[in-house]
Amino acid sequence: MGIPSADWLVRPIGPVDEAEVSAVLAERFGVTGTVHDLGSQQDRNYRVRTETGDYVLKIANPASDPAALRAQCAAVERLADASGLRLPRAHAGVDGEVVQRLSAGGVELVCRLLDYVPGEPIMDSRYLAPPVVARLGELAGRVVAGLADFAGVEQERPQLWDLRNALTVVETLAPHLPDQERAARVLRASRAAHTLLEPFVDRLPVQVIHGDVTDNNVVCEPAADGRRMPVGVIDFGDLGLGWTVAELAVTCASVLHHHGAGPASVLPAVHAFHAVRPLANEEVDALWPLVVLRTSVMVVSGQYDTLLDPGNGYASVALDREWAMFEAAVSVPAEVMTAQLRHALGRPSAQLLPVAEHTLLPGLPDDVASLDLSVSSEELHTGRWLAPDAETVLARATLTAGRTAVRTRHGEFRLTRTTVDDSVPAATCALGVELHLTGPAEIRAPWAGTVTRHGDTGVTLHTGGLDLLLDGVDAEVQPGPVVSGRRLGTVAAREGVRVLGIQLFRSCATGDRPPRFAPPELAAGWLEVCPDPTRLFLAPDAPDASSSAPYDAPLSARDAQQAITEAELLERREHSFATVQEHYFETPPQIERGWRHHLVDTRGRGYLDMLNNVTILGHGHPGLGEAVHRQWRRLNTNSRFHYASVVELSERITGLLPAELDTVFLVNSGSEAVDLALRLAWAATGRQDVVAVEEAYHGWTYASDAVSTSIADNPNALASRPPWVHTVAAPNSYRGRHRGPQSRRYAPEAAARIRELADQGRPLAAFVCEPYYGNAGGMALPDGYLRQVYEATRDVGGLCVADEVQVGYGRLGSHFWGFEQQGVVPDIVTVAKAMGNGHPLGAVITRRDIADAYRTQGYFFSSAGGSPVSSVVGLTVLDALRDEDLQTNAREIGAHLKGRLLELAERHALIGAVHGSGLYLGVEFVRDRESLEPATEETAAICDRLRELGVIVQPTSDRQCVLKIKPPLCLTRRSADVFADALDDVLTHGW
């Protein structure tokens, strides 16, 4: 095989003996130390450790011009004064020159001694979070801004990495590479990208650029959340003249090989670069073609280097990484990415469609109904959208109701395309429409063009860079030119169904056919390339035509409006909704649909809900919805009226408890339930003092907040308690005062504190505690804890309150109530959340004598507590828990999930412990298993990454380092595995 030659092709140099390197250091720079080969693609880099500091000796390729090396040093000095970045500043040799000559293996070489820039690179292909990608873009922007007027480079010969030469490099090297199948792909992609670039080459600004601000050429420091954030730039070996936007293209390309990355992953870098050095319109249009060219050059040059130097492990290891970048860069047409970039920067194109001279379907009636397949669809209820034929079923139902034609909507994020239990977002945005018909319909060309055929029933009309794709046609026309209005055929009938797929497509340089649906993150770009075809067959003034974007509007108008709506909604929330009522995530998805243990946002992204302990039955429960609907049409009033459901609910609840707990109060929330429980204790005992457990949350009303001691919910909780509240240590057997077997000491200490208060003249009214320690992360109390503490409380005449708001109703799997796990019977039980499956419903259950004592404080009344609707909700929840055997499901699936999590703990040191039982679990993250330093920031970042993978989970505990795992009890084994696999992915590949 012949090896090509060109001015810009550089043969890598071989290793230089470390003894020779040491001699050069001593002789030329007066430095002595240990030497370690760092590897390089074309030069040789050696780390030098000395007693006074660390350096890098860079031995340049023989083709390197000493003047260019001096220019690199000057550029570093320029940036060091202006950018605030960590940079490899050069040290002069003993003769005062920064560039020194040496002879190695009979070859004359030059070298420089540079500062070793401390930090780590990020080229190991781990996941890069958006803030890290943004920092890469920011650094690239700061470098080009700092070098904007730098004139110290004289570039006479072409450079390999100068993207102005990219096509030449690819065309020169590709024919000589061993993998000709890959070479052919790279050639095609490069030529297509160059075609898109050609209109801008004379208008793109040129300056001195670094040329290689990549994941491999930045150094990073770990942030508080464990992410490696770039803080410096190294390796100025590719410094030279080039297009300014090429700096950003190089940076973007380096992102694409990282775990989970795709074309949309580069958007944070583009935004950050643009904020430092604004991009002109032509630079935005050139950016993605340059990304494709950069990855193409990397593939061919990498293979070329291994061809010349088969023993160069540095170059060989990079081959798979370089191919991954190329594959990602060409995974969508460059035209689509350009449109997406314009949209992201607020510059959507306003391309117009040609005027249709004839109607596509001239016999179509004006009253074509549109199907609502969106996330807010009323027709797609009770999970019908998950059926594989949901669209067809809904269309047939609409036609059966008397319509002759129905259509789908362009640009709609279809609920019917949403997937669940999938870490990869589904392609949900419709790039065309489907027309469902009851009878025959002829199809005519809306404008002149050229016809081609695809498949048995596919016809494409090509017109000046715009393609009309039709699927489902009994074609009559032969391939070739057609005039406007020419009959193309009729809508084909297949098994009694006539469906015509209609799609417009602005032809791309690669010649690829568009998909029918686009993923949400690239919807804006695809919608610009695939404009709305609706008005080719539906007149603008026809009924139900309003959902089609006007032809004179930007083609991404609908997607832009959707994005604006989501952003504006969040802004409106901040203005009108008290900000202390926080929302999950910094940039939250807009959730508008739920089904069982899944949630769906407005763009059709499905999420596994591992958080929602309120909806114990799951979202969208059909039986509950129907029961509420029936009752609300019949009656809803307050509980002072006499009706059956409130009696039935009270009887059902007491039937699930020990016999002595025979009296029920119905309220609206857990906070109200705890507040009422304390008032009952005060009334029954004639006292007010209460003992609460530290690091616990009980509610937001006056009394329930007073006994809440969690600083996660209220940073001032411990300092702001009223004098009647006393605390005992959190019985945390993992990280508390007493750990492991020593946790048995918590109970006698708490009992002693209760007796001490009585001896001081402050006997308790109540002891309040979650019977399974929820706020700390779903942790079991030490064995016998409640038995000893309840005994001490009753010995001093107090009452025992079990807060079952989170843990009750079968969530533990092994027990219906948390207190059962401790083998005790409380005096008062509070319950809410699960009781109403999200409906505001709570209860206090106690003995009759305690309930009657409330009369001393007047009477009790809750307007909505125990209303007919609320009572029906409570009864339906209990029915479903029983009929669907959800407690058993919690036990079995919870045990499986806990086993999976414990296995992860064996492999990932960040997991300190796995707490809990059933579907009341917690995964506690620590930075060190000995010190138990909480991994608070890491936990928040992990939750963000899990959301990207389609899992909703949040931190809990006062240290916010525990994953709160309390999903609906209908969770399946498959979904439990999806969660465990996603967590494994994050802990393995980064967050």
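Buried here means under 20% relative accessible area, with exposed over 50% and partly exposed in between (1.4 Å probe, protein chains only). Five of the five residues of S34 are buried, so the strand is largely enclosed by the rest of the structure. Strands (E, at least two residues) and helices (H or I, at least four) are DSSP runs, numbered from the N terminus.

A word on the source: this is a predicted model, where local features need pLDDT of at least 70 and side-chain atom pairs count only at pLDDT 80 or more, while totals for chains, interfaces and linings use all residues. Residues are numbered from 1 along each chain as its sequence is written, and side-chain values use heavy atoms, with hydrogens and water left out.

## The seven-stranded sheet

S34 belongs to an open sheet of seven strands with mixed pairing, in the order S28-S34-S33-S32-S31-S29-S30. The edges are strand S28 (663-667) and strand S30 (725-728), each pairing on one side only. From one strand to the next, the twist averages 20°. Helix H18 (residues 746-759) packs on this sheet and touches S29, S30 and strand S31 (766-769); its direction makes about 150° with that of S30. Axes are lines fitted to C-alpha atoms, for helices over the stretch in contact, and angles run from 0 to 180 degrees between N-to-C directions.

What does S34 pair with? Two strands count as paired if DSSP finds at least two bridges between them. Strand S33 (residues 828-831) runs antiparallel to strand S34 (residues 842-846), with four bridges joining them. Across that pairing, Val-829 stands opposite Ile-845, and Ile-828 faces Thr-846. S28 is also antiparallel to S34, this time over five bridges, and Leu-666 stands opposite Ala-843 in S34.

## A three-stranded sheet

Another open sheet has three strands in the order S15-S21-S19, with antiparallel pairing. Strand S15 (442-444) and strand S19 (473-475) stand at its edges with a single partner strand each, so one side of each is left without a neighbour in the sheet. The twist here averages 35° from one strand to the next.

S19 pairs with strand S21 (residues 487-491) in the antiparallel sense over three bridges. Ala-475 is placed opposite Gly-489 in S21.

## Rings and charges

Searching the whole structure turns up eleven aromatic pairs. One of them is Trp-817 with Phe-819, a stacked pair at 6.4 Å centre to centre with 10° between the planes. The cut-offs: rings of Phe, Tyr and Trp (its six-membered ring) pair if their centres lie within 6.5 Å, and planes under 30 degrees apart count as stacked, over 60 as edge-to-face and the rest as tilted.

Arg-640 lies over the face of Phe-861, 4.4 Å from the ring centre. The charged end of Arg-945 is over the ring of Tyr-127, at 3.7 Å from its centre. For this to count, NZ of Lys or CZ of Arg must be within 6 Å of the ring centre and within 35 degrees of the ring normal.

## Helix H21

Helix H21 (residues 868-883) has 16 residues and spans 22 Å from its first C-alpha to its last, close to the 22 Å expected at 1.5 Å a residue. That expected span is 1.5 Å times one less than the number of residues. Of its 16 residues, 13 are buried, so H21 is largely enclosed by the rest of the structure. Just after H21, Asp-885 takes a positive phi of about 50°.

## Glu-695 in its loop

Glu-695 sits in the loop between strand S29 (690-693) and helix H17 (702-706). Is this residue buried or exposed? Glu-695 is buried, with a relative accessible area of 8%.

Leaving aside neighbours within four places in sequence, Glu-695 has contacts (heavy atoms within 4.5 Å) with residues including Thr-709, Ala-730, Tyr-773, Asn-775, Asp-958 and Arg-959. Tyr-773 is 78 residues away along the chain, with 9.2 Å between the two C-alpha atoms.

## The whole protein

The protein has 24 helices and 39 strands, and 56% of its 991 residues count as buried. Its C-alpha atoms fill a box of roughly 100 × 85 × 45 Å along the principal axes. Among contacts between residues at least 6 apart in sequence, 74% join residues at least 24 apart.
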